[in-house]
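Please read the following account alongside the sequence and the model.

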Amino acid sequence: MIDGFLHKGLRQKLVETIKMKGITNSLVIAAIGKIPRHYFVESYLESSAYEDRALPIGAGQTISQPYTVAYQTELLNVGKRAKVLEIGTGSGYQTAVLLEIGVQVFTIERQRELYMKTCAFLPNIGYNAQFFYGDGYEGKPTYGPFDGILITAGAPFIPEKLLLQLKIGGKFVAPIGNQDFQVMTVVERISDTEYKKTEHGNFVFVPMLKGTSK
Ligand code: SAH
């Protein structure tokens, strides 16, 4: 894998694009500027890797649009050394963005093929997370509570089990809705029993599914 001048140039343009679309968090911007997104897609898609759009990654799934990854990470708003649970490892690009900003990542994928591929690939390019094959609806209670929980697939409802795995002051960020579109939803845990929900625009993700797939 080569990260050449052309890739770096295109990546810089992508950074300008996400800034123009409203991303301001400097850690997030630096992460997008550093991570070679073309490593995360098949070689036939390499020329599209720095366009601001989702791309297929196999098993009917997609690597999210860079702007969306940046936006979700900005909404999560976690500092260095925070503990983050990610649901939907997919290509591992969002995982890499979280690791770049200095957080500890626990990531769950339900598609065995993607799980196997990404947990071999990411450490190879220097990104170390804790990878799990399983159903994200269950979360990872034994590793929690978390400062942040991020779902990178469209969930039909807010999974209660996940909210219970948030620290007080922690944030849950997920697109919630039907197959056609989802509303980017943030839930902050205010106390043991209180939560505050805010909504942040419409997006389209692949669906969050129940159970695991071989
Ligand atoms: N963050 C990924 C996005 C991948 S698309 C990236 O940057 O590439 C969403 C992913 O969520 C898919 O890989 C899909 O298999 C996974 N997914 C869907 N439902 C899930 C669930 N219940 N638990 C874990 N992963 C799930």
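How are H3 and H4 oriented to each other? The model is a predicted one, in which local features need pLDDT of at least 70 and side-chain atom pairs count only at pLDDT 80 or more, while totals for chains, interfaces and linings use all residues. Residues are numbered from 1 along each chain as its sequence is written, and side-chain values use heavy atoms, with hydrogens and water left out. Helices (H or I, at least four residues) and strands (E, at least two) are DSSP runs numbered from the N terminus.

Two packed helices are described by the angle between their axes and the distance between the axes. The axes are lines fitted to C-alpha atoms, for helices over the stretch in contact, and the angles run from 0 to 180 degrees between N-to-C directions. The axes of H3 and H4 cross at roughly 45 degrees and come within 10 Å. H3 and H4 are therefore oblique to each other; angles under 35 degrees count as roughly parallel, over 145 as roughly antiparallel, 65 to 115 as roughly perpendicular and the rest as oblique. From H3, the contact (heavy atoms within 4.5 Å) involves Val69, Gln72, Thr73 and Leu76, and from H4 it involves Tyr93, Gln94, Val97 and Leu98. These residues comprise five nonpolar, three polar and no charged. In this classification Ala, Val, Leu, Ile, Met, Phe, Trp, Tyr, Cys and Pro count as nonpolar, Asp, Glu, Lys and Arg as charged, and the others, Gly among them, as polar.

H4 (residues 93–100) also packs against H2 (residues 26–34), at an angle of about 125 degrees and with the axes 9 Å apart. H2 and H4 are therefore oblique to each other, and their crossing is right-handed. Ala31, Ile32 and Lys34 of H2 meet Tyr93, Val97 and Glu100 of H4. The contact of H2 with H4 has four nonpolar, no polar and two charged residues.

H2 has a further partner in H1 (residues 5–20): the axes of H1 and H2 come within 8 Å and cross at roughly 150 degrees. That makes H1 roughly antiparallel to H2. The crossing of H1 and H2 is right-handed. On the H1 side, Arg11, Leu14, Val15, Ile18 and Lys19 meet Ile29, Ile32, Gly33 and Lys34 of H2. By class, the contact of H1 with H2 has five nonpolar, one polar and three charged residues.

Attention now turns to empty space. Rolling a probe the size of a water molecule over the atoms shows where empty space is left. On a 1 Å grid over the protein atoms alone, a cavity is a set of points where a 1.4 Å probe fits but cannot get out, a pocket is an open set with protein on both sides within 12 Å along at least five of seven lines, and lining residues have an atom within 4 Å of a point. Grid points are joined across faces, edges and corners, and a volume is the space filled by probe spheres set on the points. The structure holds one cavity of 30 Å³ or more. The largest cavity is lined by Asn25, Leu27, Val28, Thr73, Asn77, Val78 and Ile101, a lining of four nonpolar, three polar and no charged residues.

The largest pocket has a volume of about 520 Å³. It is lined by 36 residues, of which Gln61, Thr62, Thr152, Ala153 and Val206 are the closest to its centre. S2 (61–63), H3 (66–76), S3 (83–87), H4 and S4 (104–109) each supply at least two residues of this lining, and S2 gives the most, with three. The second largest pocket holds about 260 Å³. Tyr39, Phe40, Val41, Glu42 and Lys117 lie nearest its centre among 16 lining residues. H5 gives the most to the lining of the second largest pocket, with four residues.

Most residues other than glycine have a negative phi, and most peptide bonds are trans. Alanine 59, in the loop between S1 and S2, has a positive phi near 55 degrees. The peptide bond from glycine 144 to proline 145 is cis, with omega near 0 degrees; proline 145 lies in the loop between S5 (130–133) and S6 (146–151).

Key. A crossing is left-handed if the near helix is turned anticlockwise from the far one by less than a right angle, and right-handed if clockwise.
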